[in-house]
Amino acid sequence: MKTLLFTAVAAATLLPAAAMAQEDSSSTRRIEPYVGVMAGVHNYDNETSKEGIPPVGYKGRMVEGVAGVNYNVAGPLVLGVEGTVSKGVSGDIDWEYGAAGRVGVKAGKDSMFFGKVGYQWTNFDALGKDSRDYHGMTYGAGLELSPADLGSSAERSNVRLRVQADTTGNFHSIRPMAGVVVKY
C-alpha cells in the first residue's frame, strides 16, 4: 500500500508540471493529469466469491481520493491510468485501494464517458483490526461532466463532476460513487 500511496503522490505532484510544459496546449494529443475526491457506498452480495470474502453481505459508506493521468490519443479517444485510496466512514469496510486502466470517449466540449479495469484490495473492519486484505479484479464505467457542457459560458473547464459504478470479482458487489475531479 505504501508503494501505491507514494506513486499517487508522485503523480499528483509531477504530472501537472509535465502537462504545463507542453508547448502546444491546443493539440488534440496531450497529457491531462487529474486528482479528485469522491464519496459513495460499496455493497457486497452474500455469495462466496473467489476472492474469499465471507458471504455475509458487507457494506459501507466511503470517501475516496483518486489521482491519474489521461492521454488524448486521437479525436475523441482517451487512454488513462489511475490509482485510488478509499476510507470507510461507516459500515463494514475499513480501507480500499487499487489501480486501473481507463478508456474514454470525449463527448461535447470537455465531458467524457469511460470504462475501466483494474485491481483492488479491500480490508474489512468487521473482520477485526489486523484482518487480511481481500483482493481481485475490478470493473467499472462512468461519466465525467464538464461545466462547459452543462451550460457554462466557459469553453473548457478544469473541474468535472464524476459519477461511476464499479464491481469486484465476478460481479459480487456494486460500488456507486460521485465526486469532483480537477484536471491540469
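## Strands β7 and β8

R160 has V181 in β8 as its bridge partner. Strand β7 covers residues 159-168 and strand β8 residues 173-183, and the two pair in the antiparallel sense over 8 bridges. Strands here are DSSP runs of E with at least two residues, numbered from the N terminus, and two strands pair if DSSP finds at least two bridges between them.

The structure is a predicted model, in which local features need pLDDT of at least 70 and side-chain atom pairs count only at pLDDT 80 or more, while totals for chains, interfaces and linings use all residues. Residues are numbered from 1 along each chain as its sequence is written, and side-chain values use heavy atoms, with hydrogens and water left out.

## The barrel

β7 and β8 belong to a closed barrel of 8 strands, ordered β1-β2-β3-β4-β5-β6-β7-β8 with antiparallel pairing. On average, neighbouring strands of this sheet are turned by 25 degrees against each other, direction ignored; the axes are lines fitted to C-alpha atoms, and angles run from 0 to 180 degrees between N-to-C directions. Strands of a sheet pair through backbone hydrogen bonds, either parallel or antiparallel.

Strand β4 (residues 93-107) is joined to strand β5 (residues 111-124) by 14 bridges in the antiparallel sense. These two strands form a hairpin with 3 residues between them, and G108 in the turn has a positive phi of about 70 degrees. β5 also runs antiparallel to strand β6 (residues 134-145), with 11 bridges between them; Q120 has G136 in β6 as its bridge partner.

R102 lies in strand β4 and stands opposite K116 in β5. R102 counts as buried because its relative accessibility is 4%; buried means under 20% relative accessible area, exposed over 50% and partly exposed in between, with a 1.4 Å probe and protein chains only.

The side chain of R102 makes polar contacts with the side chain of N70 at 3.2 Å and with that of E144 at 3.1 Å. A polar contact is a pair of N or O atoms within 3.5 Å; within protein, one must be able to donate a hydrogen and the other to accept it, and residues adjacent in sequence count only if both atoms are side-chain atoms. R102 also lies over the face of F114, at 4.4 Å from the ring centre, where the criterion is NZ of Lys or CZ of Arg within 6 Å of the ring centre and within 35 degrees of the ring normal. Beyond its neighbours within four places in sequence, R102 is in contact (heavy atoms within 4.5 Å) with residues including Y34, V78, E82, M112 and R162.

## Aromatic pairs

Rings of Phe, Tyr and Trp (its six-membered ring) pair if their centres lie within 6.5 Å; planes under 30 degrees apart count as stacked, over 60 as edge-to-face and the rest as tilted. By this rule the count comes to 6 aromatic pairs. The rings of Y97 and W121 are stacked, because their centres are 5.5 Å apart and their planes at 10 degrees. Y97 lies in strand β4 and W121 in strand β5, so this pair ties together parts that are 24 residues apart in sequence. Y97 is buried at 9% relative accessibility, whereas W121 is partly exposed at 28%.

The rings of Y139 and F171 are also stacked, with centres 6.1 Å apart and planes at 25 degrees. Since Y139 lies in strand β6 and F171 in the loop between β7 and β8, the pair ties together parts that are 32 residues apart in sequence. Y139 is partly exposed at 31% relative accessible area, and F171 is exposed at 59% relative accessibility.

Conventions:
Helices (H or I, at least four residues) and strands (E, at least two) are DSSP runs, numbered from the N terminus.
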